[in-house]
Amino acid sequence: MIAIPLPFVASLLLAILAVVLFLRRDQTTQSAFIFIALCTVTSSIVGLRWTTELAIFKALQPILASCIPVVAWYCFASAHRLKKLYFIHVLPPICVILSSLTYAFWQPPIDVLLAILYLGYGIALIRSSLNINGIPEQVRLSDVDNTQKAERYAGLILIISSIIDARHWNRLFFI
């Protein structure tokens, strides 16, 4: 019987959603398309890493994973028209890229860095969604509540992902 790793199934479903968003070609779905496409590629890399032992996939997986919370933040920040300090959000992925490329020399704690990154962006998304003065300007008035709920759920999912990753820290520090 053919066995298909779960990340490939998730990638297929995400790719279908990305194609639908791309074909809509609506200005409001552009950032969502970028986020879904990034999740599709990341999930594919996870599946390829499970099925092969190529070093390139081991290096790409944390790099792409570090971009997910940043792109999630960007999606909602563009709805809020927050244009300040976008360059700062490039720094965490750059740190992960440097850590991933130099892993053979000094083995930096990439998992810890990713968990902190997910936790920080998760908290920031939830705080942004609860801000009374932070009503998304780029969203129709009828969709404001759903956008704020989506922002909270995205933040919650990032926090849960961080907690799941942090669960494995005891193997790093308490052996």
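# Close-up views of a predicted all-helix model

**Figure 1. The largest nonpolar core.** The largest nonpolar core contains 22 residues, and those with the most contacts inside it are Leu38, Trp73, Leu114, Tyr118, Tyr121, Leu125 and Leu158. A nonpolar core is a set of buried Ala, Val, Leu, Ile, Met, Phe, Trp, Tyr and Cys residues joined through side-chain atoms within 4.5 Å. Two or more residues of this core come from each of α2, α3, α6 (110-130) and α7 (144-166). With eleven residues, α3 gives the most to this core. This is a predicted model, in which local features need pLDDT of at least 70 and side-chain atom pairs count only at pLDDT 80 or more, while totals for chains, interfaces and linings use all residues. Residues are numbered from 1 along each chain as its sequence is written, and side-chain values use heavy atoms, with hydrogens and water left out.

**Figure 2. The protein as a whole.** The protein has eight helices and zero strands, and along the sequence the pattern reads α-α-α-α-α-α-α-α. Helices (H or I, at least four residues) and strands (E, at least two) are DSSP runs, numbered from the N terminus. Of the 175 residues in the protein, 35% are buried. Buried means under 20% relative accessible area, exposed means over 50%, and partly exposed lies in between (1.4 Å probe, protein chains only). Among contacts in the protein with a separation of 6 or more, 68% join residues 24 or more positions apart. Contact means heavy atoms within 4.5 Å.

**Figure 3. Contacts of Tyr121.** Tyr121 is one of the core residues with the most contacts inside the core. With neighbours within four places in sequence left aside, Tyr121 is in contact with Pro69, Val70, Trp73, His89, Pro92 and Leu158. Trp73 and Leu158 are also listed among the core residues with the most contacts.

**Figure 4. Ala72 and Phe35, between α3 and α2.** Ala72 lies in helix α3, and Phe35 has its place in helix α2. Ala72 counts as buried because its relative accessibility is 4%, whereas Phe35, at 23%, counts as partly exposed. Not counting residues up to four places away in sequence, Ala72 touches Phe35 and Leu125. Under the exclusion of neighbours within four places, Phe35 is in contact with Ile68, Val71, Ala72 and Cys75. Phe35 and Val70 are 35 residues apart along the chain, and their C-alpha atoms are separated by 9.6 Å.

**Figure 5. The aromatic pair of Phe22 and Phe33.** The structure holds two aromatic pairs. In the pair shown, the ring centres of Phe22 and Phe33 are 5.4 Å apart and the planes stand at 45°, so the pair is tilted. The pair links distant parts of the chain, with Phe22 in helix α1 and Phe33 in helix α2, eleven residues apart. Rings of Phe, Tyr and Trp (its six-membered ring) pair if their centres lie within 6.5 Å; planes under 30 degrees apart count as stacked, over 60 as edge-to-face and the rest as tilted. Phe22 is partly exposed, with a relative accessible area of 41%, and Phe33 is partly exposed at 25%.

**Figure 6. The second largest pocket.** This pocket has a volume of about 240 Å³. The lining consists of Leu6, Pro7, Ala10, Leu14, Cys39, Thr42, Ser43, Val46, Trp50, Gln61, Ala65 and Ile68. At least two lining residues come from each of α1 (6-24), α2 (30-51) and α3 (55-80), and α2 gives the most, with five residues. Nine of the lining residues are nonpolar, three are polar and none is charged. Here Ala, Val, Leu, Ile, Met, Phe, Trp, Tyr, Cys and Pro count as nonpolar, Asp, Glu, Lys and Arg as charged, and the others, Gly among them, as polar. On a 1 Å grid over the protein atoms alone, a pocket is an open set of points where a 1.4 Å probe fits, with protein on both sides within 12 Å along at least five of seven lines; lining residues have an atom within 4 Å of a point. Grid points are joined across faces, edges and corners, and the volume is the space filled by probe spheres set on the points.

**Figure 7. Gln107 in a loop.** Gln107 sits in the loop between α5 (103-106) and α6. Its phi is near 45°, a positive value in a residue other than glycine. Gln107 is exposed, with a relative accessible area of 54%.
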